[in-house]
Amino acid sequence: MKKILLLSLVLISWLSQTSAQEKKFSISGEIKDAKNGEELIGASVAVPSLKLGVTTNAYGFYSLSLPAGTYEIEISYLGYVTEKKSINLNQNLKQNFELKEDKKDLKEILVKADKVDKSNIESNKMSVVKLDIKQVKKIPLLLGEVDIIKAIQLLPGVQQAGDGSTLFTVRGGNIDHNLVLLDEAVVYNPSHVLGFFSVFNGDAIKDFEIYKGGIPSQYGGRLASVLDVRMKDGNSKNFGVSGGIGLLSSRLTVEGPIVKDKGSFMVSGRRSYFDIFFPFTEQTKDATAYFGDINIKGNYQLTEKDKIFISGYAGRDKLGFGEFFGFGWGNYTGTLRWNHIFNNKLFVNTSLVYSKYDYGFDLNISDNLNFKRSNFINDYNLKIEGNYFISPKSSLKFGTKQTYYKFDPGIRTKITEESVVPEEALPSKRAMEQNYFISHSYKFNSRLSTEYGARLSVFSNIGEGRSINYAGGSPTYIENGFVKQAAKDANNPYTNYASGEVYNTNYGFEPRLAFTYLADASSSVKASYNRMFQYMHLIQNVTASTGQEFWTPTDKHIKPQMADQVALGYFRNFKDNVIEASVEVYYKWMSNTVELRDGADIQFNEAIEAQVLAGKGRSYGAEFFLRKQTGRTTGWISYALSKSERQNDYINGGEWYDFRFDRRHYLTVVLSHDITERLSISGNFIYATGEAFTIASQRYRLFNSEEATIQYSNRNAARMPAYHRADVSITWSRKKIPGKVYKNESNWVASVYNVYGRKNAYTLSYDNDNNGNPIVQKWYLFTFVPSITYNFKF
């Protein structure tokens with residue numbers, strides 16, 4: 001890694017030396033929202049006369065180096081009024097800006113080009129989509145819940161993993177191939193209520209974006225995508241309260257300054273209450289089903305160069321029926337960050353981050369037959385990330401992340417002393433992951449730019465712990481064409497490891513590369529390549545979050561998954577950049593994908609390595625995207641044509657087969673229209689090819705046998721019916737309108753999910769009709785689902 005850093009610094013020095021003789025100064029500072037003091041991520045600072053500019057980093061900081069002189073600079077951000085300022089740059093200058101929200105008259109149709117974001121054309125980012133949280137709140141979703149994950153499922157290349165589910169897949173990846181971050185902390189299960197709601201409370205979220213490819217070097221650990229979510233910092237100018245009351249859940253957010261313009265806080269809570277209706281019916285009076293979560297964040301400006309942030313999240317789900325059975329899970333995160341500006345070019349963020357995910361299941365059949373089972377994963381990490389702004393054409397990003405993991409894969413205890421179920425705890429597992437990354441952005445000329453970098457990952461299994469020794473050395477063996485679990489070595493069944501002892505290490509070198517070529521002022525061609533390693537694997541046999549799934553690390557037998565992806569795209573804006581369009585094609589190949597073997601036993605089993613097989617994968621496709629973000633009518637149309645396959649020597653006869661979430665066609669339409677200043681209507685439509693699944697192809701009885709034998713087709717050789725639905729919503733708002741003074745803002749939102757009642761298949765089951773003939777039954781979840789929500793802010 002030292003060699004990589006040295007070579008990069010030498011190259012950067014060479015690229016910068018042409019202007020070294022010219023005296024330069026820097027203007028740097030922060031860009032914030034004038035109304036609430038929130039930092040604006042990705043705001044543009046440009047010098048039109050030189051055709052140069054930079055954007056703010058994840059903390060709203062920018063730095064622009066220019067030759068001495070007088071300039072007019074423009075500061076812009078989508079949805080805000082562009083600010084222009086003349087500066088005389090004869091020394092290093094610190095200049096902060098606050099932008100005002102652009103509240104255009106609804107009668108205005110034309111939008112000036114200098115107020116419209118062109119980063120989709122000019123930046124080195126591709127396969128990346130950023131949505132405004134205000135736009136997300138207009139999208140009609142299940143039961144009226146504002147949900148950023150449901151929103152990204154309407155983007156090209158991102159697909160839902162089931163009707164109404166917040167679990168998602170990206171470009172042929174699995175549901176565990178997505179890195180989900182909340183203020184830099186990993187969220188291991190981003191779902192509430194069996195996946196029907198996400199853990200993200202829309203009122204607590206400031207900014208988010210999803211990377212489907214061309215992933216920058218500061219991210220790693222998952223094969224398919226990164227969903228980077230950041231909480232609001234809190235209003236540093238005024239106290240405020242906002243919230244919403246829905247049919248099945250409500251939320252409340254309080255925010256305000258600690259010291260005006262110097263520090264602020266935000267607290268946001270949410271709780272479902274559909275369980276309060278259960279006692280009114282005999283069938284559900286003993287049932288339990290609810291979720292709740294809370295987001296907390298605070299920040300304080302210590303000095304002009306130092307700022308600290310502290311944030312946390314806690315969420316919990318509980319489902320069950322009386323004392324008979326129950327299960328639940330929870331996510332907990334905490335982040336402590338320190339921003340330090342070393343000088344006008346160097347910005348460094350240091351973070352201490354904690355994540356925890358736990359789930360449990362309890363069964364109480366009788367006093368002598370009952371148990372509780374629980375599982376945990378704890379994640380502690382230190383991350384240091386620096387931004388060095390060399391010049392308007394050149395910038396460097398570098399850093400390291402050190403993570404310690406502790407897995408408790410299974411703890412079983414008695415509910416009563418009389419229970420015959422034995423108490424037991426599977427051995428804990430521990431691991432260390434080291435990451436080092438560096439990237440360099442460089443603009444060769446007015447048309448061509450690049451961002452290249454690399455990431456080095458080192459994953460080590462450490463003690464205290466143990467591993468199983470198998471007879472023959474391998475955890476599995478082949479018998480009559482079937483994979484079976486091998487027996488333990490009779491003489492030496494286990495190897496024990498002392499605390500801190502490193503007993504297995506894997507390395508991963510992950511190059512990243514992106515190019516952008518501006519064909520003209522409104523179009524560009526982009527290309528990217530990235531390699532990703534994944535050392536954490538989700539083991540589950542169903543897609544719903546039921547508490548049965550668990551994470552396990554790479555070890556001596558389970559190899560790290562790896563994916564390479566190349567992508568090429570054409571991007572073009574129309575009507576003075578009001579409408580953006582893009583076409584991307586990609587190809588991804590994967591190795592060591594984790595697949596459950598036939599007959600796998602994953603319930604409270606220490607020998608997980610004997611239940612999985614390493615396979616290969618490939619996916620490829622084309623994605624089309626058309627979006628309008630300004631004016632009275634906004635929204636997008638997206639379409640993905642893709643194919644995703646898997647291969648394993650011992651599945652499907654070694655032949656390639658369709659991945660479960662392979663969908664050839666995926667079309668979404670999202671539209672919102674402001675009818676008047678107060679009234680707006682929104683709608684979306686989805687059409688998708690049905691999921692692949694393995695169907696029962698034959699059923700027969702052997703001689704003198706009462707039990708029927710079912711024979712299945714090749715793996716995923718059949719298809720569910722096509723999925724499609726339409727959702728609509730109407731919003732009536734009371735806003736602070738010029739000439740009409742209201743003390744607060746509020747709106748009523750009425751929505752209908754699946755407005756024409758399509759019975760989309762969720763799963764299939766096999767049964768007999770009244771005459772004993774075999775039949776296939778289709779099960780579905782949602783048809784026509786209305787909801788109404790009242791939102792307020794004051």
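This is a predicted model: local features need pLDDT of at least 70, side-chain atom pairs count only at pLDDT 80 or more; totals for chains, interfaces and linings use all residues.
Now turn to the fold. The chain has four helices and 53 strands. Its radius of gyration is 27 Å, close to the 28 Å that the globule rule gives for 794 residues, so the chain is as compact as a globular protein of that length. Along the principal axes, the C-alpha atoms fill a box of roughly 95 × 60 × 50 Å.

If you take the contacts between residues at least 6 apart in sequence, 66% of them join residues at least 24 apart.

Next, zoom in on a few loops. Between β29 (448-462) and β30 (465-468) you will find glutamate 464. A cis peptide bond joins glycine 463 to glutamate 464, with omega at about 15°.

Two other loop residues have a backbone angle worth a look. Aspartate 183 sits in the loop between β12 (178-182) and β13 (185-186). Its phi is near 50°, a positive value in a residue other than glycine. Is aspartate 183 buried or exposed? With a relative accessible area of 1%, aspartate 183 is buried.

Asparagine 754 lies in the loop between β50 (745-753) and β51 (761-768). Here phi is near 60°, again a positive value in a residue other than glycine. Asparagine 754 is buried, with a relative accessible area of 0%.

Conventions. Residues are numbered from 1 along each chain as its sequence is written. Side-chain values use heavy atoms; hydrogens and water are left out. The radius of gyration is taken over C-alpha atoms; the globule rule is 2.2 Å times the number of residues to the power 0.38. Contact means heavy atoms within 4.5 Å. Buried means under 20% relative accessible area, exposed over 50%, partly exposed in between (1.4 Å probe, protein chains only).
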